[in-house]
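Hello,

Here is the structure I promised to pass on to you.

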Amino acid sequence: MLEQIKIVLVGTSHSGNIGSAARAMKVMGLKQMVLVSPECEVDAQAIALAAGASDIALNAVKVSNLDEAINDCRLVVGTSARSRTLSWPMLNPRECGELFAVESDKSPVALVFGRERTGLTNEELQKCHYHVSIPANPEYSSLNLAMAVQTLCYEMRVASMARKAAEYPEHECGDYPRHDELEMFYGHLEKVLCKTHFINEAQPGQVMNKLRRLFSRARPEVQELNILRGILTSVEKISPSEK
């Protein structure tokens with residue numbers, strides 16, 4: 001299960017954090033690290049802080065944007081503080097670990113961490129199905145990147161071990177669309193809503209953001225998404241005289 005989990009680091013600025021995160025991952029049995037537009041290289045400091053996990057840091061996949069990192073994933077969770085104005089389905093670390101243990105058994109999944117100082121942007125967070133927040137001491141909630149990676153990877157490992165130890169029966173896990181399939185649906189939806197003048201083509205953001213939140217919460221399966229795409233196509237085919 002753990003081999004299907006991607007740890008995605010966005011815009012990392014300190015190479016030592018890449019090494020420390022790699023060490024945190026390897027201790028918990030995770031191997032896949034993806035670096036999105038890193039502002040540093042995997043250098044000697046990264047290797048030193050990775051200790052015996054330098055293989056994870058050296059083999060990390062580098063991509064230019066978040067979409068490239070998560071296109072093949074059917075579940076994407078972004079790390080976020082709760083104090084954001086952006087309302088989104090939230091998980092606590094235990095729930096996150098349990099969800100990953102189930103869904104990584106069938107398809108690639110991704111846990112996304114943001115920049116050291118500013119975290120993930122709202123646009124990046126909207127590409128995630130859920131957000132996860134670590135309930136740290138509100139009087140001192142200063143978690144560095146490696147600590148956050150360690151905490152959430154630990155929950156994934158515990159949940160994975162619990163599934164094996166209890167010999168859980170097969171969980172019903174839906175056939176969910178990949179991220180790129182969802183993005184094509186959102187593009188199709190926006191196009192039809194503009195064409196039918198439901199939204200203003202010059203300012204589609206507010207309505208589309210709410211619709212993204214709705215569908216992220218609903219998590220349509222592949223067949224359901226195909227039905228929605230079919231509905232949009234049928235609307236496009238209506239001639240002006242039939243409207």
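Let me begin with R219, which is buried at a relative accessible area of 8%; buried here stands for under 20%, exposed for over 50%, and partly exposed for what lies in between, with a 1.4 Å probe and protein chains only. Before going further, please note that this is a predicted model, in which local features need pLDDT of at least 70 and side-chain atom pairs count only at pLDDT 80 or more, while totals for chains, interfaces and linings use all residues. Residues are numbered from 1 along each chain as its sequence is written, and side-chain values use heavy atoms, with hydrogens and water left out.

Salt bridges

R219 forms a salt bridge with E103, with 2.8 Å between the closest N and O atoms. The term covers a side-chain nitrogen of Lys or Arg within 4 Å of a carboxyl oxygen of Asp or Glu. E103 lies in helix α5 (residues 93-103) and R219 in the loop between α9 (205-218) and α10 (222-237), so this pair ties together parts that are 116 residues apart in sequence.

The structure holds 14 salt bridges. Another of them joins E183 and R212, whose closest N and O atoms are also 2.8 Å apart. This pair links distant parts of the chain, with E183 in helix α8 (residues 179-195) and R212 in helix α9, 29 residues apart. E183 is partly exposed at 22%, whereas R212 counts as buried at 14%.

K31 and E3 make a salt bridge as well, with their closest N and O atoms 3.7 Å apart. K31 sits in the loop between α1 (15-27) and β2 (32-36) and E3 in the segment before β1 (5-10), so the pair ties together parts that are 28 residues apart in sequence. K31 is exposed, with a relative accessible area of 54%, and E3 is exposed at 54%. There is also a network of salt bridges linking R178, D180 and E181.

An open sheet is formed by 7 strands, with parallel pairing and the order β3-β2-β1-β6-β4-β7-β5. Its edge strands, β3 (61-63) and β5 (90-91), each pair on one side only; strands pair if DSSP finds at least two bridges between them. β1 and β6 run parallel and pair over 5 bridges, and A110 in β6 is the bridge partner of K6. Helix α1 packs on the sheet, touching β1 and β2, and its direction makes about 155° with that of β2. That angle is taken on a scale from 0 to 180 degrees between N-to-C directions, using axes fitted to C-alpha atoms, for helices over the stretch in contact.

Where is A110 placed? A110 belongs to strand β6 (residues 109-113) and is buried, with a relative accessible area of 0%. Beyond its neighbours within four places in sequence, A110 is in contact (heavy atoms within 4.5 Å) with K6, V8, I70, C73, L75, V76, V77 and F100.

S104 is buried at 1% relative accessibility.

Helix α1 has 13 residues, which at 1.5 Å a residue should span 18 Å; its end C-alpha atoms are 19 Å apart, which agrees. The expected span is 1.5 Å times one less than the number of residues. Among the buried residues of α1 are S15, G16, N17 and I18. G29, which follows α1, has a positive phi near 90°.

Just after α8, H197 takes a positive phi of about 65°.

Technical notes:
Helix = DSSP H or I, 4+ residues; strand = E, 2+ residues; numbered from the N terminus.
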